[in-house]
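Subject: The structure we talked about

Hi there,

Here is the structure I promised to pass on. Please open it alongside this note and follow the residues as you read.

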Amino acid sequence: MTMSTGWYLRRLSRMGPREVGGRARDAVRRRWWRSARPDAPGVTGARFTAVLPAGALAAVPPDAVKRLVAEADRLMAGRLVHFGVERDDLADPDWWYDPRTGRRAPGGYAFDVPYRDEEAVGDIKQIWEPSRHQYLTVLAAAYALTGNERYAERVAEHLRSWWSVNAPLRGVHWTSGIELGIRLLSWVWIRRLLDGWPGAAGLFEDNPVAVRQIWHHQRWLAAFPSRGSSANNHVIAEAAGQFAAACAFGWFPSSARWRADALRSLVRHLPRNTFGSGINRELAGEYHGLVLELGLAAVAEADTAGVPVPAPVRLVLLRMTDALAAVVDGRLRPPRQGDADDGHGLVLDGAGTDRWGSLLATGDAVFGRLAWWPEVTGTDVRTPLLAALIRPVAPAVSRPASRPDHFADAGMTILRDPAGIWCRCDGGPHGFLSIAAHAHADALSVEVRHDGVDVLADPGTFCYHGQPEWRRYFRSTLGHNTLQVDGADQSVSGGPFLWTRHARSRVLVADTSDAPGGGTSRWCAEHDGYRPFVHRRRVELTGALGELRIVDEVRGPRRAVVRLAFHLGPAIGADLVGNRAVLTWTGDGEDRSAELELPGPLEWRAHRGENDPPLGWYSAGFGRREPATTLIGTGFADGVAEFTTVLGFRG
C-alpha cells in the first residue's frame, strides 16, 4: 500500500505545529545521515553485570520449563508460526524475506525503503517479526534452564547472521523505532540468559560488531522518537528498549544521557498512554498487554542497575495490572477491542503459556494480588525471572476493594453474572490521540461471552498493510456488534492508521450494583457519529434469567437506512428463521444453546465467509481469519425508532 498525496495532507492535518516542526527536523536529519555515518566509539574493558540473581532460574516451575524446551526444539528445527504463516526455513533465516507473498525487501538506505508498499517490499509485519529476536530469547532461556549449549550456539549463529546482513541504516530493519526498541530489549535478555555460556562475552561486549550495532540502535532511537500524534505504544517500546540497553550495555559516552532521556520519556508517556483507571488509552486490549510488558521490563532493568524509578511509573503499572485483573473473563481473556497484532514486549515462554495469566502472576509477584482478583492456575518462565529483578515496593495508594466493572474515563463497562455471562459495553472515546491509529468504528458495540466462549464476538483485526479491503472491513462499523446508519461508518477513516473525524460517545447509565446476586445490571450510552442522527443503546443483563436485552434507539430529522449487525463467535452454530436464531455450541465438554430474538421491523439475513465485500469473518490473531456467522438486519428509521434484541441463554 503506497500512501497518496491526499493521505499525506490528511495526516498533516492531524498534527500540531510542534509535531510538524519535529518531523521537519527528522527529515533533515535523515538526509544528513545518508552520508554522515559515524562509527561507534571504541569500547574497552566492557563488562556485562546485569545478570540474574542466584536462585532465579531454580524458581521456574518444571512444567513451564517443559513447554519452553519443547518450543525451543521446534525453533531448532527451523519451525515457527508468525501471523498464520507456518515457516520451516528459520534454521538459516533470510532476514528480508516475506513468506506470505514470496517477496524480498529491497536493500539500500533505510529511509528510502517503502516499507508500507507490499508490492515493493512484501508483508512488512512478516519481515519484521523474526527480527524482533523474541524467538532467540526463547532459545536463550532454554540454554539458561537446561545448560544445553546447542541453544546458545544457535542464538549466536543467528545474531551474527543478522548483524552481518543488517548493517546500520541499511535495509528494512532500520525504518521503525518500535522494532529497534523491542530488538534491544531482546538483546539485553539474550545476553543475560547466556551468562555462564563461555561464548557470551565474545558474542556481545568483546565483539566490535555487536557493540557497533548496540550503539547505532541507541543513536537511532535518540534521534527519531515517535512524537505528537504517533506517541502511542510505539514511544513506550522505543523508550523501554533504549532504557534497558543504556542500563545493561552502559558502555558508551552517551549511555548516561540515553538512560536519563529514556527514563524521562517513560515517566512522561506511560501516564499519557493510560487512563487513571488503568485502562490503556488506545482502548485495544492487546496493546494494554504490550505496554504493561514493556513497562515491567523497563522497571526490571532500572532495579537491576540501581537506577531510581519515579513513583508515577510503578503506579501506572500497578493500575494497569489491577485493571487487567478486573476486565478479564472467566478464562482470563481480556476484551477484544480495537487493533491487535500479537505484539509482545518480552517473550521467554513456550507455546501454551497463557499470556494474560502470566501478566497477572507477575503483577501478583511485584505488587501483590487483591482478594477479588481471578485465580491464576498456570505457570510461566517470565514471572519468576522478572520478579527476581524487580524490587518489591508497597504502593502508597489505595487499590480497589472490590472488582471494578465500570471504567468511566475509558467508557468501558463489564456486565457479568454468576453463571458465566460476560458482556463488554463500549461507550468510550474513539481511540487515542488525533489519529486514533488503532481504533475501530465500534461505538456502542457489545461483546458477549459465556464461560469464556465468544457468543457475540468482536471480529478482531486480521491485517494492517497490503490488503486494504480487509483492513477497512475489520475496522468498520458493520464489522462490529453495533448499528450502522445510511451505509457509513460512525467515524471517518483517512487511511489504515488514521481517522479524520471521531465519533463522540457518552455513557448515561452504568449500574451493576445488583449483578453479584443475579439481579439486573444496566448500561446506556449514545454517540454523535451520525449527526444529525443520534444512536442510543440500552443494555440490561438479568442474571437470574440468563437474559441480555439490547435496545437500539435512532433519532433523526429524516428517514434513514439502518443495518444492525451481530457477529457470532466461530464456535457458534446458528439456525436463523425469520427474526429468531437458535445458537448452539460446546463449552467445557457440554452442549450449550441460546436463543436470539432479533428486532422484527428489520429484515434479517445470515452471512458467512463472504469475500466481495468481506462479511462473516473472525480473526483469532493477526494474519488469521476464519468464517463465522454474522446476522445483519436491514430496515429504516424514521424520526424516532427502537429496535429490541433479546439474547436468552438456556440452562
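Below are some notes on the whole chain, followed by a handful of individual residues.

A word on the source: this is a predicted model, in which local features need pLDDT of at least 70 and side-chain atom pairs count only at pLDDT 80 or more, while totals for chains, interfaces and linings use all residues. Residues are numbered from 1 along each chain as its sequence is written, and side-chain values use heavy atoms, with hydrogens and water left out.

**The chain as a whole**

The protein chain contains 17 helices and 23 strands (DSSP runs numbered from the N terminus, with H or I over at least four residues for helices and E over at least two for strands). Its radius of gyration is 25 Å, close to the 26 Å that the globule rule gives for 651 residues, so the chain is as compact as a globular protein of that length. That radius is taken over C-alpha atoms, and the globule rule is 2.2 Å times the number of residues to the power 0.38. Along the principal axes, the C-alpha atoms fill a box of roughly 75 × 55 × 45 Å.

Of the 651 residues, 59% count as buried (under 20% relative accessible area, with exposed meaning over 50% and partly exposed in between, using a 1.4 Å probe and protein chains only). The chain exposes about 23,800 Å², and carbon and sulfur atoms supply 51% of that area. These accessible areas come from the Shrake-Rupley method with a 1.4 Å probe; for residues, only the protein chains shown count as cover.

For contacts between residues at least 6 apart in sequence, 72% join residues at least 24 apart (contact means heavy atoms within 4.5 Å). As for charge, the mean positions of the 76 positive and 74 negative charges are 7 Å apart. Lys and Arg count as positive and Asp and Glu as negative, while His and the chain ends are not counted; each charge is placed at NZ of Lys, CZ of Arg, CG of Asp or CD of Glu.

Start with H567, which sits in strand β14 (residues 547-567). H567 is buried, at a relative accessible area of 1%. Leaving aside neighbours within four places in sequence, its contacts include V455, L456, A457, P459, Y473, T629 and T630. L478 and G479 are also among the contacts of H567. A polar atom of the H567 side chain lies 2.8 Å from the backbone oxygen of L478 (a polar contact is a pair of N or O atoms within 3.5 Å; within protein, one must be able to donate a hydrogen and the other to accept it, and residues adjacent in sequence count only if both atoms are side-chain atoms). G479 is 88 residues from H567 along the chain, yet their C-alpha atoms are separated by 7.8 Å.

Next, Q213 in helix α10 (residues 208-223). Q213 is buried as well, at 2% relative accessibility. Its side chain reaches the backbone oxygen of W163 at 3.4 Å. Beyond neighbours within four places in sequence, Q213 is in contact with W162, W163, N166, A167, P168, W174 and W187.

**Backbone details to look at**

Most residues other than glycine have a negative phi, and most peptide bonds are trans. Where does this model depart from that?

- The R531 to P532 peptide bond is cis, with omega near 15°; P532 lies in the loop between β12 (520-527) and β13 (534-542).
- D612 and P613 are joined by a cis peptide bond with omega about 0°, and P613 is in the loop between β19 (610-611) and β20 (614-615).
- L283, not a glycine, has a positive phi of about 50°. L283 is in the loop between α12 (255-272) and α13 (285-305) and is buried, at 5%.
- D342 has a positive phi of about 60° and is not a glycine either. D342 is in the loop between α14 (311-327) and α15 (355-367) and is partly exposed, at 22%.

**Two helix alanines**

A70 belongs to helix α3 (residues 62-76) and is partly exposed, at 32% relative accessibility. A70 and V235 are 165 residues apart in sequence and 34 Å apart in space, C-alpha to C-alpha.

A260 is in helix α12 and is partly exposed, with a relative accessible area of 32%. Its C-alpha atom is separated by 41 Å from that of S476, 216 residues away along the chain.

Happy browsing!

Best wishes
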